[in-house]
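Trainee: Could you walk me slowly through one part of this model? I'd like to see how a single piece sits among its neighbours.

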Amino acid sequence: MGDTFVVIGGDAAGMSAASKVKRDNPEMDVVVFEKGEWVSYAACGMPYYVKGAVDDIDDLVTVTPEEFREERDVDLRTGHEVVGIDPEGQTVTVDDGTETFEQPYDDLLVATGATAIEPPFDGMDLDGVFTIHDMDEAEAIETFVSEQSPETAAIVGGGYVGIEMAEALAERGVDVSIYEMLPHVLQPFGETVAETVEEHLREQGVGLHLETAVSGFDGDGSVEVVELEDDTQLADIAIVGVGVAPNVDLAEDAGIELGPTGAIATDDYGRTNYENVYAAGDCAEARHVVTGEPDHVPLALTANRAGRAIGQTISGSPTPTGDIAGTAIVKAFDLGASRTGLIDEERAREAGFDPVSVTISAASRAHYYPDGSELTVTLMADRESGRVLGSSLVGREGVKRIDTVATALAAEMTVEELQNTDLAYAPPFSPVWDPILTAPKVLQGKLD
């Protein structure tokens, strides 16, 4: 443990680590360099700001820069971009917009996040064409919708961002179409979830163009059409949400090793190949709890948890950053969908398992209690060991039950053990046999 802790990146992982170090070791110098002006913000809330469910974009900020500086005594410097790392000399080179300078460190955290992928489409520079991965982009989209009142929207990509932005723009009165290259939206959630969500999207008036490749956009200064392989469709606004790429160039240039996913390789404590250089958040790998292999799943909890653990390690209490299961949840108009672990049979086989799965539908509440709905659960296990491998849920309520399966994955529980879990029951919340108990009960019969 040294005297100066430097952090590159001022969002979830970076600020969690900085705050934890100052809390545990108030005398340590903690310096955070953030090239933008926003820090510690809820990126997951940006579609809901565009939708109008969040009144002010500042409401998405968890802790303001002033609070970090004045209340937490963190030397936070926004508008400062780290342009070089010297792991041997233990310095970073910083550009503050007017000059560059060297900042020494004893411990360093690389928390440079990820960037929205921009495909090589024609017309990406047209007005009205956006990606959405940071606060400035969210604000630009909201301003465009408010001032230009677009009538038609093209959303490229049917993942989390695409689904959430479809709902956001539809709420603003825009006629929305989603263009997805794959056969289904929400590919990581599995076919059952995807087909249920797709039917609901169509019921909400969203146009779905599956297995449809976009080649670009066209218009006179502003986007007017989305160009397909052999067709064009009207679009007054376009959102490109085809995924993110970890920001690793700075680390790679410094000799910090990348892992098989292309993100920064780390050990159980977030360390890189340099003992006093750590990495966390959307730029870093983590170990998958089921496969035991490195994975890259850029999600908010992963970043916050790893940052806090690294802060604790640097403060003198070595703390593992924790494994990941890819647990995720998404709202699609009146539906919710969630997933955790392995639900793709091919990926499960590649990991050395013999997958077997069931899909069941059950009531979200006792059958006689009002306002319940159908919840569909897919559960996958390994045939030989009976170990639970993963699950997905879709329905109008109750999809947060996925957390129970995520806990089972962390404990390496078998299907029988999950079936015998003592879950809470009351008619307003579940039937006696909760869907998360019914699914393993059915799957155990299949295993037997």
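Trainee: Before we zoom in, how many disulfides does the structure hold? After that, please take a close look at helix 6.

Mentor: Quick one to begin with: the structure holds zero disulfides, a disulfide being a pair of cysteine sulfur atoms within 2.5 Å. Take Cys-44: its sulfur is 16 Å from the closest cysteine sulfur, in Cys-283, which is too far for a bond. Cys-44 counts as exposed, at 54% relative accessibility, while Cys-283 is buried, with a relative accessible area of 0%. Buried means under 20% relative accessible area, exposed means over 50%, and partly exposed is in between (1.4 Å probe, protein chains only).

Now some ground rules. You're looking at a predicted model, where local features need pLDDT of at least 70 and side-chain atom pairs count only at pLDDT 80 or more, although totals for chains, interfaces and linings use all residues. Residues are numbered from 1 along each chain as its sequence is written, and side-chain values use heavy atoms, with hydrogens and water left out.

On to helix 6, then. Helices here are DSSP runs of H or I with at least four residues, strands are runs of E with at least two, and both are numbered from the N terminus. Helix 6 covers residues 191–203, which makes 13 residues. From its first C-alpha to its last, helix 6 reaches 18 Å, close to the 18 Å expected at 1.5 Å a residue; that expected span is 1.5 Å times one less than the number of residues.

Which residues of helix 6 are tucked away? Val-193, Ala-194, Val-197, Glu-198, His-200 and Leu-201 are buried. Seen down the axis of helix 6, these buried residues fall within an arc of 165°, so they line one face of the helix. The arc is that of the directions from the helix axis to the C-beta atoms. On the other side of helix 6, Glu-191 and Glu-203 are exposed. Follow the chain past helix 6 and you meet Gly-205, whose phi is positive, near 90°.

What covers that buried face? The covering elements include helix 5 (160–171), strand 11 (175–180), strand 12 (207–210), strand 21 (328–332), strand 22 (335–341) and strand 25 (388–395).

Val-197 is among the residues with the most contacts inside the largest nonpolar core, which has 44 residues. A nonpolar core is a set of buried Ala, Val, Leu, Ile, Met, Phe, Trp, Tyr and Cys residues joined through side-chain atoms within 4.5 Å. In soluble globular proteins, nonpolar side chains tend to be buried together. Leaving out residues up to four places away in sequence, Leu-169 touches Val-50, Val-145, Ala-153, Ile-155, Val-174, Val-176, Ile-237 and Ile-239, where contact means heavy atoms within 4.5 Å. Apart from this core lies another, of 30 residues, including Leu-342, Ala-348, Phe-353 and Val-356.

Strand 21 and strand 22 pair in the antiparallel sense over five bridges; to count as a pair, DSSP must find at least two bridges between the strands. Across that pairing, Lys-331 stands opposite Gly-336 in strand 22. The two strands form a hairpin with two residues between them, and in the turn Phe-333 has a positive phi of about 55°. Strand 22 also pairs with strand 25, again in the antiparallel sense, over six bridges. Here Gly-341 has Gly-390 of strand 25 as its bridge partner. Seven of the seven residues of strand 22 are buried, so it is largely enclosed by the rest of the structure.

Finally, helix 10 uses some of these strands too. The buried residues of helix 10 pack against strand 22 and strand 25, along with strand 24 (374–382), helix 11 (415–419) and helix 12 (435–447). In helix 10 (residues 402–410), the buried ones are Ile-402, Val-405, Ala-406, Ala-408 and Leu-409. Seen down the axis of helix 10, they fall within an arc of 155°, so they line one face of the helix. Thr-407 and Ala-410, on the other side, are exposed.
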